[in-house]
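Here are my notes from a read through this one. Have the structure open as you go.

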Amino acid sequence: MTDFSQSLALIAAEELLTVVGLVLLLAAAWMGDKSSRLISIVAVAALVACAFIAAPALCGGLMGPERVAFSGQYTADAFSAFAKLLIYASGIASLIVAPRFFDRVGAMRAEYPILVLFAVLGMNMMVSATDFLSLYIGLELNSLAAYVLASFLRDDERSAEAGLKYFVLGALASGIILFGMSLTYGFTGSTNFAAVALAMDGTLATGALVGLIFVLAGLAFKISAVPFHMWTPDVYEGAPTPVTTFFATAPKVAALALTMRVALGAFGTQVDAWQQIVIFVSLASIVVGALGAIGQSNIKRLLAYSSINNVGFLLIGLAAATQEGASAMLVYLAIYVAMSVAGFVVVLLLRDAEGRPVEAIADMAGLSRTRPALAWALAAVMFSLAGIPPLFGFWGKFVVFQAAVNADLVALAAIGIAASVIGAFYYLKVVKIVFFDEPANVVARDGESGVDALAHKVVLLIASLFISPLGYLLTPWLGDLADKASAALYFAG
């Protein structure tokens, strides 16, 4: 067990985010909204620095007691580093694309990058938590910042509605998790994941089983899995699009990584108690996400149901309850983050002649003739989300299905593959409208220049190249990093 000074060294990224966040908060108070650009640049620099801090732990596959801080409350192992790097990348993308959107509506305020930093700080604590107490602190820190971000456009009714729904249902989920944690503590005598796993080894008391179910139910809210998905389409549609980009990526990574650590760590000795629950939630998310997306006319709502659908596929890896399944989930998560960033950046670039956002799918008709580059980027996102080769999204689905088959869950993999066909329908529907329908002439031609426009295009280019067939060149490297991270997770578990 490390001493206090070693513990402080292990949380260097969290210390940096805390100090930078507080300093920027003071700067925003003194300089006002005119400093929002400068604060955004500093926030991006802070996240880049945090990525450099986390990278050695992942590349070195670091794990073990020397990576544990504060008497078992926190661990800075390779698994948490993998999740943190995805969170940092998502946060950076969300900060880069935000100024142009908010400037158009006159709502760019200095608080936005600061809220993103504090949300990332909470997510850092979530993915590194090895105790229910540190888990809950990180969860609430992230949630409090997220509630404000969802309702960031104070004069927009949809944004206010999104913030209220997110707050009410998020508070309910937090209460459910807290109740489950209290039951777990009552029947195991500890809040530490390793101690809980040891106490649950053997016959499982009914009270501990109820606690396990409540904790997993609360986490299902956070990852927007069926049947706790109802908030997702409304929040994704109502929140400002840069915020939706953030919600679809960073918090999703943090919540799924946390779910993996809780299920395979704290409840790792009782796989039979939760495996059937995860299988049901996985299949329900795949089917409901696919069917719910079919009738959507708003691209952001469609991407919200797509997010629910993808969570279902990710949970197939968790249902396998093996190190291979955990590694497959991490590979899928990395690809999913790139697909989501690319998809929402395309949405951000869709503007009419007056500069208003275009979100109706029907208004994108004939986009290939007016904005061909944007149309091809959107098609790449849709095909990749559908898991159609040779796009890189296919590889994410392939590795989780392979993990399920190797864990003797052949029926689950078969049903998942069959259900993915439903999802292909609504993705192809978008491509058909964009390429083959008569032009609606709603989306304006690209006549913008400047740093902000260039930043959007660079982010879109990087994400699009990652999900293109060129992404397969990264499979050995990505697979190796995911294996190191999953090995650290199982070592801790």
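1. Start with S224, which sits in the loop between α9 and α10. Keep in mind throughout that this is a predicted model. S224 is not a glycine, yet its phi is positive, at about 55°. Most residues other than glycine have a negative phi, and most peptide bonds are trans. Is S224 buried or exposed? With a relative accessibility of 0%, S224 counts as buried, because the cut-off for that is under 20%.

2. Stay in that loop for another item. P227 also belongs to the stretch between α9 (206-222) and α10 (232-238). The peptide bond that joins V226 and P227 is cis, and its omega comes out at about 5°. So if you are checking the backbone here, look at S224 for its positive phi and at the V226 to P227 bond for its cis geometry, given that most peptide bonds are trans.

3. The cis peptide bond here links two prolines, P389 and P390, with omega at about 10°.

4. F70 has a positive phi of about 55° without being a glycine. Its place is in the loop between β1 (68-69) and β2 (74-75). How does F70 count in terms of accessibility? At 27% relative accessibility it is partly exposed, because that value falls between the 20% and 50% cut-offs.

5. On annotation: an unreviewed UniProt entry lists residues 129-423 as "domain: NADH:quinone oxidoreductase/Mrp antiporter transmembrane". In the model, that span is 77% helix and 0% strand.

6. Last, a helix pair. Two packed helices are described by the angle between their axes and the distance between the axes. For α13 (residues 271-294) and α14 (residues 299-320), the axes come within 7 Å and cross at roughly 155°. That angle makes the two helices roughly antiparallel, because the cut-off for this is over 145 degrees. The crossing of α13 and α14 is left-handed. Which classes of residue make up the contact of α13 with α14? By class, there are 17 nonpolar and 7 polar residues, and no charged ones.

How values were computed
Residues numbered from 1 in each chain as written. Predicted model: local features only at pLDDT ≥ 70, side-chain atom pairs only at ≥ 80, totals over all residues. Heavy atoms only, no water. Helix = DSSP H or I, 4+ residues; strand = E, 2+ residues; numbered from the N terminus. Buried < 20%, exposed > 50% of the residue type's maximum accessible area, 1.4 Å probe, protein only. UniProt positions renumbered as here; feature names shortened; annotations may be inferred. Axes fitted to C-alpha atoms, helices over the stretch in contact; angles between N-to-C directions. Parallel < 35°, antiparallel > 145°, perpendicular 65-115°, else oblique. Left-handed = near helix turned anticlockwise from the far one by under 90°. Nonpolar A, V, L, I, M, F, W, Y, C, P; charged D, E, K, R; others polar.
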